[in-house]
Amino acid sequence: MNTTNNTVLITGGSAGISFEIARQFAARGNKVIIAGRNAERLQKAASQIPGVTGIQADVTNKEDVARLVSTIKTQHPDLNLLINNAGSAFVYTLDGENNAYSKATAEMDTNYLSIVNLTEQLLPILRTSPDAAVVNVSSIVAFAPSAVLPTYTASKAALHAYTKTLRYTLRGTNVKVFELMPPLVDTEFSTEIGRHNGIKPSVVANDLLKALETDNYEIHVGDTAAIYQLSLKSPQEALLAMNNR
Ligand SMILES: NC(=O)c1ccc[n+]([C@@H]2O[C@H](COP(=O)([O-])OP(=O)(O)OC[C@H]3O[C@@H](n4cnc5c(N)ncnc54)[C@H](OP(=O)(O)O)[C@@H]3O)[C@@H](O)[C@H]2O)c1
């Protein structure tokens, strides 16, 4: 897929991996729209990157999503690239009374259900472009579960399965389906998980652009490649490797 002359919607975009993706797409002259919950943070990010527009929206809120979709239809009907990036995680274990159910509900809502909703609503627009794509941002944990991210892991595994079915269903159409699978990345999101030991968000954004250009649909960034290979050889060894870091 071409990485220039696109109209790109990124959920998030005001911080972390998505901010860097927005920056790199804008630098190549693409039209970039970012959508986050915190309007102030969103506008600040948009003002830092020429060519970027911010639309305040919480992807888990049905009214916000309806407004976002309607704005895209009227103001950006040439949208041809949807990047489902927004995600949330709770760090906890399943051996105590940690409100696992409410944490899992929130994670499934942000990391899985909101993507099913937004993608379904924007697919008719994407289908009108000669060259379109959906990118779902899952995680290394989709291949090997992390015990301190038990329900986040499950939400990303659900997203991984959904992405594969979407890709299969849309094969032979104008819409390509990519999955970006980062390892630990140094962002605000991951501070509690990995302090500042993660890779830079720019590495992830770079890998995404390269993968789009070469139609590499499952993007195993950094350590994700080794964990993927290990999970094929032995899921148990991959589980141990993920949890003995
Ligand atoms: N960082 C890692 O180590 C890592 C590793 C693997 C996968 N990932 C995945 O990569 C994605 C991005 O992570 P990140 O580390 O870049 O996170 P981040 O630094 O926390 O940034 C998340 C971005 O998404 C927005 N966002 C969060 N919830 C939202 C919602 N409900 N609706 C709309 N926007 C929302 C945030 O803005 P607002 O708060 O203003 O809404 C922010 O712009 C996530 O899907 C995450 O699961 C991250």
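**Entry 1: the α4 and α5 crossing.** I looked up the handedness of the crossing of α4 and α5 in this predicted model, and I recorded it as right-handed. The contact draws on Ala 100, Lys 103, Ala 104, Glu 107, Met 108, Asn 111, Tyr 112, Ile 115 and Val 116 from α4. From α5 it draws on Thr 151, Tyr 152, Ser 155, Lys 156, Ala 158, Leu 159 and Tyr 162. Sorted by class, I noted ten nonpolar, three polar and three charged residues in this contact.

I then took the geometry of the pair. Helix α4 spans residues 100-126 and helix α5 residues 150-169; they pack at an angle of about 25°, and their axes are 9 Å apart.

Entry 2: I traced an open sheet of seven strands in the order β3-β2-β1-β4-β5-β6-β7, with parallel pairing. At its edges I found β3 (52-54) and β7 (218-220), each of which pairs on one side only. From one strand to the next, the twist averages 15°.

**Entry 3: individual strands.** I followed strand β1 (residues 7-11) to β2 and found five bridges between these parallel strands. Leu 9 has Ile 33 of β2 as its bridge partner. Four of the five residues of β2 (residues 31-35) are buried, so I described this strand as largely enclosed by the rest of the structure. Strand β6 (residues 175-181) pairs with β7 in the parallel sense over three bridges; there, Met 181 is partnered by His 220 of β7.

**Entry 4: helix against sheet.** I returned to α4 and saw that this helix lies across β4 (81-84), β5 (132-137) and β6. Its direction is at about 175° to β4.

Methods: Residues are numbered from 1 along each chain as its sequence is written. This is a predicted model: local features need pLDDT of at least 70, side-chain atom pairs count only at pLDDT 80 or more; totals for chains, interfaces and linings use all residues. Axes are lines fitted to C-alpha atoms, for helices over the stretch in contact, and angles run from 0 to 180 degrees between N-to-C directions. Helices (H or I, at least four residues) and strands (E, at least two) are DSSP runs, numbered from the N terminus. A crossing is left-handed if the near helix is turned anticlockwise from the far one by less than a right angle, and right-handed if clockwise. Two residues are in contact if their C-beta atoms, placed from the backbone, lie within 7 Å. Ala, Val, Leu, Ile, Met, Phe, Trp, Tyr, Cys and Pro count as nonpolar, Asp, Glu, Lys and Arg as charged, and the others, Gly among them, as polar. A residue is buried if 20 or more other C-beta atoms lie within 10 Å of its own, exposed if 12 or fewer, and partly exposed in between; C-beta atoms are placed from the backbone. Two strands pair if DSSP finds at least two bridges between them.
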